[in-house]
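Hi everyone, thanks for coming. Let me put the structure on the screen, and then I'll walk you through the ligand site.

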Amino acid sequence: MSAGTDLSGRRALVTGASGGLGLHFAQVLAAAGADVTLAARRFDKVEAAAKAIRDGGGSAQGVALDVTDAASIEAAMAEPFDILVNNAGISGTGAAMDLPLDAFEDVIRTNLTGAFAVARAAARGMADDGGGSIVNIASILGHRVAGHVAAYAAAKAALVQLTKALALEWARHGVRVNALSPGYVETPINAEFFATEAGQALVRRIPQRRLGRMSDLDGPLLLLASDAGAYMTGHSLVVDGGHLCSSL
Ligand code: NAD
């Protein structure tokens, strides 16, 4: 009998959990039995989302956390976690020629430095507590490029490499570190773009000819977060309908 994806008794923290994929990941982990802490800058939003999980029979609470703020990371990490989903991210789109350095640095600060700061704080607690699993939410743009997302693609590629570096250093502490690299997933924020001709043209380049659904990430997330992935570390799990394999 192989190890399953039951997360009963596990404590999980999800950053950027006030909406989009982060909220979905929190709901999936809670449904698998984890006690989930939903972290985001707006406490009222994550606490409301946590209450909805509790009302549905799950175990959850909200915490205020800005991944660019060291004090808020320290406060949110006062208790150790078994699972961290490093999901907070910003896109910072714009033509590279005109992209202000501040905008470039904002993306690096949130998507790379922020992810490292939260992972480091979580790993310290995990190392003292018998180990754990860190899932960094990267992107197919960490593996290939597209126009007007230079900072984002650079940050996500660095996050994939950081994942391997941390996996190497932290394996001895029982801490696994993997990346989950989604392709284009339909969320309320991008639904309008994907309804346009340009959006539909993009969808035609995906071998499976459809966008990802949030639920497409459930199994891969649980694999990396749970004991089902016990021998996986330093991996980037791509979930993209074949988009990275599209014809050149
Ligand atoms: P989103 O904008 O809905 O969610 C991002 C979340 O991060 C928000 O809740 C936001 O408040 C939070 N956040 C931003 N800066 C933060 C900070 N400093 N501290 C704490 N929280 C902060 O976008 P999403 O589509 O749900 O994206 C979630 C993650 O998935 C991101 O890392 C994104 O790069 C990645 N991703 C998304 C897609 C997609 O198609 N939606 C594809 C690949 C990767």
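When I say polar contact, I mean a pair of N or O atoms within 3.5 Å; within protein, one must be able to donate a hydrogen and the other to accept it, and residues adjacent in sequence count only if both atoms are side-chain atoms. This is a predicted model, so to speak of local features we need pLDDT of at least 70, side-chain atom pairs count only at pLDDT 80 or more, and totals for chains, interfaces and linings use all residues. Residues are numbered from 1 along each chain as its sequence is written, and side-chain values use heavy atoms, with hydrogens and water left out.

Now, which backbone atoms meet the ligand? A polar backbone atom of Leu-21 is 2.8 Å from a ligand oxygen, and a backbone N or O atom of Val-185 also lies 2.8 Å from an oxygen of the ligand. On the nitrogen side, a ligand nitrogen is 3.0 Å from a polar backbone atom of Val-67. The ligand taken alone exposes 820 Å², and the protein buries 86% of that (Shrake-Rupley accessible areas, 1.4 Å probe; for residues, only the protein chains shown count as cover).

What classes make up the shell around the ligand? There are 12 nonpolar, 10 polar and three charged residues (Ala, Val, Leu, Ile, Met, Phe, Trp, Tyr, Cys and Pro count as nonpolar, Asp, Glu, Lys and Arg as charged, and the others, Gly among them, as polar).

Last stop: Ser-246. Its side chain makes a polar contact with the side chain of Arg-144, at 3.4 Å. Ser-246 is buried, with a relative accessible area of 16% (buried is under 20%, exposed over 50%, partly exposed in between, with a 1.4 Å probe and protein chains only).
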